[in-house]
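Colleague: Please take me through a single part of this model, closely and in plain terms. I would like to know what packs where and how each term is defined.

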Amino acid sequence: MKEYDVTIIGLGPTGGTLANLIALQGFSVLILEREKNFYPLPRAVHFDDEIMRVFQTIGITKDFLKHTIINKGTKFVNSKGKIVLDWPRPRTVTENGWYPSYRFNQPDLEKQLRKKLNKYNNVQIKQNSEVNKIKNFKDYVKINFKNVINNNLEEIKSKYVVGCDGANSITRSQMNTKMDNLGFTQKWAVVDLILKKEKKNLPDRTIQFSNSKQPATYCRNVGKRRRWEFAIRNNQSEKKILSNSYIWNFLKPWLNNNEAFIERKTIYTFKSAISRKWKKGRFFIAGDAAHLMPPFMGQGMCAGIRDVSNLAWKIAKCLRSKHSEKLLKTYQSERFSNVKEYVETTMRMGEFVNAVGSDQITDNISSANDGTKSMQSIKPKLGQGLGNKTDKSRGKIFPQFKTRNGYCLDEKFSKKPILLLSPKIKIKISKKLNSTNSKNYMGLSNYFEISNSKAIIVRPDRFILNSCSFSENLNNFIKKNLFILT
Ligand SMILES: Cc1cc2nc3c(=O)[nH]c(=O)nc-3n(C[C@H](O)[C@H](O)[C@H](O)COP(=O)(O)OP(=O)(O)OC[C@H]3O[C@@H](n4cnc5c(N)ncnc54)[C@H](O)[C@@H]3O)c2cc1C
């Protein structure tokens, strides 16, 4: 029976990102994907700076950037056409080293992820392969799958398995766990259009039409792509809603069928739910398999990419050193509260778009003199897990620092955590530890000052594991974190 280090079920954006992160670490990866082709219906069009940093880690940004535009933000407009809330996305680079928000077309990303995977000798992709059974053993997992073309059955072994198999995850059902419904369920039609020529009077921001009669969203996407989404009632005929005549009639205030063509259209039931369990023995779930949220904030796929960024280096650590239940259990505990905050914020946004909720979508809403309210994006910390709970820096994202000639510190800790010392501290660090000279990186000395620390350990997912204050003994600090550092 063939054996792999990591088997990934599902090659959507979550599985594609995870496969790249594991392959980068040098371990063997098998990807089992049921479909031959890309998912044909409209899906993600937005991601943020944190996610672009993950794409930077796996090395796809150079090509992928050509398929993105910087997003200018979202305006919420009431039924009288008045702007009632603004969510601007400044055109300045954030601490993650990228713009706060981008727009893209999901298949373009999936193509880039696969293109990169094809460059690795340690990655095997088996399409038309539907997984139907996953069973834990002490040191490995057995997986059974079927070729959906010829019905041939196969069985393989893998040290770890991650189900990135979407909303109806077989991996989740094999865990015998439940999805907890957080309360938002609503049917929406989603229509992707391609403009035949430029149409200057269409907004270049996302507009959320906060309107109890017809909640709707307009998205300014890459190039000539535009999207409209609108809520529908349960008793409306889906066939009628998706008819061209209904869609063009809905679009009348903005454009007509001489100005654009419909690329794809569908009806989704937007849901908000989180799985109770994300791990069983040596198998895990990530992405839509573990959580679902409505798309109002454009964060569903982003959450899946955060999951695998958290999990990949922990699995790699277990493969490199030894299996650690304690380490792997932190995957769910760190990710759960983070994703829950996104789901709940998105639900409040959905209620506001339905004009049944207040504009208090986040804690971060300010009012200008003219009464216009403005909100800022949320950036939740990691939940409890690795590191010292009392350390204020622990669980926060670590900024991306560069040298004067543009060399990124990130490149030094994509595989193993890094120990960084304040330039004020002069001690010799064992060669076994991944460490670097902090003084070469612009702004890093200042970061040590502001965070009042003399040493910081940063994880490969770019989050801070722990920081060492001036009152702590540095050798003890290193000793306490030795398992993770080596
Ligand atoms: C209208 C809409 C707009 C959205 N907009 C955004 C946005 O702007 N930003 C954002 O971040 N998110 C957005 N999302 C959410 C985003 O599209 C999803 O979160 C994302 O696609 C989930 O990725 P995934 O890889 O976890 O799952 P999927 O993309 O669903 O991939 C799962 C894969 O697993 C395969 N599979 C399933 N079962 C098996 C099996 N038994 N064996 C083998 N393979 C299997 C499937 O074929 C599929 O390829 C949007 C969603 C919708 C519907």
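Modeller: Start with strand pairing: two strands pair if DSSP finds at least two bridges between them. Helices (H or I, at least four residues) and strands (E, at least two) are DSSP runs, numbered from the N terminus. The model is predicted: local features need pLDDT of at least 70, side-chain atom pairs count only at pLDDT 80 or more, and totals for chains, interfaces and linings use all residues. Residue numbers start from 1 along each chain as its sequence is written.

The part I have picked is domain 1. Its bounds come from an automatic or database domain assignment. That assignment gives domain 1 as 3-61 + 100-179 + 273-349, and domain 2 as 409-485.

Strand β9 (residues 129-136) runs antiparallel to β10, and 7 bridges join them. Lysine 133 has asparagine 144 in β10 as its bridge partner.

Beyond β10 comes a loop. Asparagine 151 sits there, between β10 (141-147) and β11 (153-163). Its phi is positive, near 65°, in a residue other than glycine. Is asparagine 151 buried or exposed? A residue is buried if 20 or more other C-beta atoms lie within 10 Å of its own, exposed if 12 or fewer, and partly exposed in between, with C-beta atoms placed from the backbone. Asparagine 151 has 7 other C-beta atoms within 10 Å, so it is exposed.

Asparagine 176 has 9 C-beta neighbours inside 10 Å, so it counts as exposed.

Next, a sheet and the helix on it. An open sheet of 3 strands has antiparallel pairing and the order β3-β7-β4. β3 and β4 (69-70) are its edge strands, and each pairs on one side only. Between β4 and β7 there are 2 bridges, in the antiparallel sense. Isoleucine 70 has tyrosine 102 in β7 as its bridge partner. Helix α2 packs on this sheet and touches β3 and β7. The direction of α2 makes about 80° with that of β3. Angles run from 0 to 180 degrees between N-to-C directions, and axes are lines fitted to C-alpha atoms, for helices over the stretch in contact. Contact between two residues means that their C-beta atoms, placed from the backbone, lie within 7 Å.

How many residues of α2 are buried? The count is 10 of its 10 residues. Among them are Asp49, Glu50 and Arg53, along with Ile51, Met52 and Phe55. The buried residues pack against α1 (13-24), β3 (46-48), α3 (61-64), β7 (101-103), α4 (106-117) and α8. Glycine 59 follows α2, with a positive phi near 85°.

Helix α8 has another helix as a partner. It packs with α9 (residues 325-353) at an angle of about 170°, and their axes are 10 Å apart. Angles under 35 degrees count as roughly parallel, over 145 as roughly antiparallel, 65 to 115 as roughly perpendicular and the rest as oblique. The two helices α8 and α9 are therefore roughly antiparallel. From α8 the contact takes in Ala303, Arg306, Asp307, Asn310, Leu311, Lys314, Lys317 and Cys318. From α9 it takes in Leu327, Leu328, Tyr331, Glu334, Arg335, Asn338, Val339 and Tyr342. Residues of this contact divide into 8 nonpolar, 2 polar and 6 charged. Ala, Val, Leu, Ile, Met, Phe, Trp, Tyr, Cys and Pro count as nonpolar, Asp, Glu, Lys and Arg as charged, and the others, Gly among them, as polar.

Last, the side that meets domain 2. The C-alpha centres of domain 1 and domain 2 lie 29 Å apart. Their contact takes 8 residues from domain 1 and 7 residues from domain 2. On the domain 1 side, α2 (49-58) and α8 (300-320) are the elements that give two or more residues. That side divides into 2 nonpolar, 5 polar and 1 charged.
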